[in-house]
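Please open the structure in your viewer and keep the selection tool at hand.

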Amino acid sequence: MEETKKHIVLARKYRPQNFKDLVGQNLLVEIITSAITNDKLAHAYVLTGVRGVGKTTTARIIAMSINCQKREIKNSDPCGECDSCKSIRLDSNLDVIEMDAASNTGVDDVREIIDNVKYKPIISKYKIFIIDEVHMLSKQAFNGLLKTLEEPPRSLKFILATTEVRKIPVTILSRCQRFDLKRVNNEMIFQHLRKISNIEKGKISDDALNLIAKSSEGSVRDAISLLDRALISQSIKDSKIIEEQDVRKMLGLADKSKVINLLKEVLSGNENEALKILRELINNGIDAKNFLNDILEVLYLFS
């Protein structure tokens with residue numbers, strides 16, 4: 001019997017594999033690619049920004065690029081086909097070590113890195129440590145890392161990723177090159193979602209995609225995950241086109257007309273009618289945070 005094709009979530013399937021695929025981070029891409037092609041890499045980078053804007057993805061692309069065995073000198077993008085690129089993508093490269101500081105916070109965890117620093121790369125040009133959520137490290141762990149960051153071997157690179165850059169000691173930040181990844185604007189996310197939905201042959205309206213882009217709050221990963229949910233619900237509904245109203249129900253967002261009616265009744269002093277509409281919205285599973293955002297948006301339009 002033929003094996004069923006395994007489903008890959010869209011956020012993983014469409015994770016960027018080179019710099020040109022990064023969405024909305026043009027300044028970062030310009031500086032990093034220039035550093036790579038001119039061989040002017042810093043020994044340590046700090047990538048900071050909200051969730052889902054591409055911090056860990058950027059770290060992996062940098063690692064793939066500078067260790068790529070077939071990359072042309074004046075091209076910053078990794079080939080994606082050599083053994084080094086493939087092993088980094090599969091998280092099996094012995095010279096590229098990823099560590100989640102959220103679950104490895106102690107000085108003993110950092111000591112393992114320091115001990116590892118003594119050894120040269122096994123198969124790659126650089127040994128690279130990617131530390132995600134680095135702000136979660138303890139004070140002792142940061143102190144243990146400090147000396148290594150100050151005088152690292154030429155073949156060693158650190159890439160630190162965080163959503164809370166203010167929690168990182170200044171002594172660490174001063175030894176790293178910092179990049180702030182921005183929230184991606186709605187139009188860029190919308191175009192990216194439309195591209196993915198076309199490839200996936202998904203039947204979803206532009207209004208629905210716009211709502212998903214807006215609800216993602218600048219996070220590309222969140223937007224793609226929401227698109228994934230919407231397209232799965234489409235398959236349940238016999239290929240019916242997903243409209244804005246369907247996405248509103250999926251996300252627990254209020255129908256704009258009901259929000260306007262609610263405000264109308266409130267401003268008219270019709271307490272009972274206003275409470276009736278509010279109870280209906282609550283019974284439909286509206287999310288409190290999204291509801292307040294909708295109220296503020298309508299008030300802004302009327303101001």
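A residue is called buried when its relative accessible area is under 20%, exposed when it is over 50%, and partly exposed in between (1.4 Å probe, protein chains only). The model is predicted: local features need pLDDT of at least 70, side-chain atom pairs count only at pLDDT 80 or more, and totals for chains, interfaces and linings use all residues. Residues are numbered from 1 along each chain as its sequence is written, and side-chain values use heavy atoms, with hydrogens and water left out.

**Stop 1**

Select Lys13 and Glu200, whose side chains form a salt bridge at 2.8 Å, N to O. The term salt bridge denotes a side-chain nitrogen of Lys or Arg within 4 Å of a carboxyl oxygen of Asp or Glu. Lys13 lies in helix α1 (residues 10–13), while Glu200 lies in the loop between α8 (186–199) and α9 (206–215), 187 residues apart. Helices (H or I, at least four residues) and strands (E, at least two) are DSSP runs, numbered from the N terminus. Lys13 has 44% relative accessibility and therefore counts as partly exposed; Glu200, at 27%, is also partly exposed.

**Stop 2: further salt bridges**

Select Arg51 and Glu217 next; the closest N and O atoms of this salt bridge are 3.8 Å apart. Here, too, distant parts of the chain are linked: Arg51 is in the loop between β1 and α3, and Glu217 is in the loop between α9 and α10 (220–236), 166 residues apart. Both Arg51, at 38%, and Glu217, at 31%, are partly exposed.

Is Asp246 buried or exposed? Asp246 has 14% relative accessibility, so this residue counts as buried. Asp246 forms a salt bridge with Lys240, with the closest N and O atoms 3.5 Å apart, and Lys240 is partly exposed at 40%. The whole structure contains 11 salt bridges.

**Stop 3: the nonpolar cores**

A nonpolar core is a set of buried Ala, Val, Leu, Ile, Met, Phe, Trp, Tyr and Cys residues joined through side-chain atoms within 4.5 Å. The largest has 29 residues, and those with the most contacts inside it are Phe19, Ile32, Tyr45, Ile128 and Ile159. Two or more residues each come from α2 (26–37), β1 (44–48), α3 (55–67), α4 (83–89) and β3 (127–132). Which element gives the largest share of this core? Helix α3 does, with six residues.

Now select Phe19. Leaving aside residues up to four places away in sequence, its contacts (heavy atoms within 4.5 Å) include Val29, Ile32, Ile61 and Ile62. A second, separate core has 25 residues, among them Ile189, Leu209, Leu227 and Leu231.

**Stop 4**

Select residues 107–117, helix α5, whose buried residues are Val110, Ile113 and Val117. Viewed down the axis of α5, these buried residues fall within an arc of 50° and so line one face of the helix; the arc is that of the directions from the helix axis to the C-beta atoms. An α-helix has 3.6 residues a turn, so residues three or four places apart point the same way. The cover over the buried residues of α5 includes β2 (96–100), β3, α6 (139–150) and β4 (156–162). On the face turned away from the buried side, look for the exposed residues Asp108 and Glu112.
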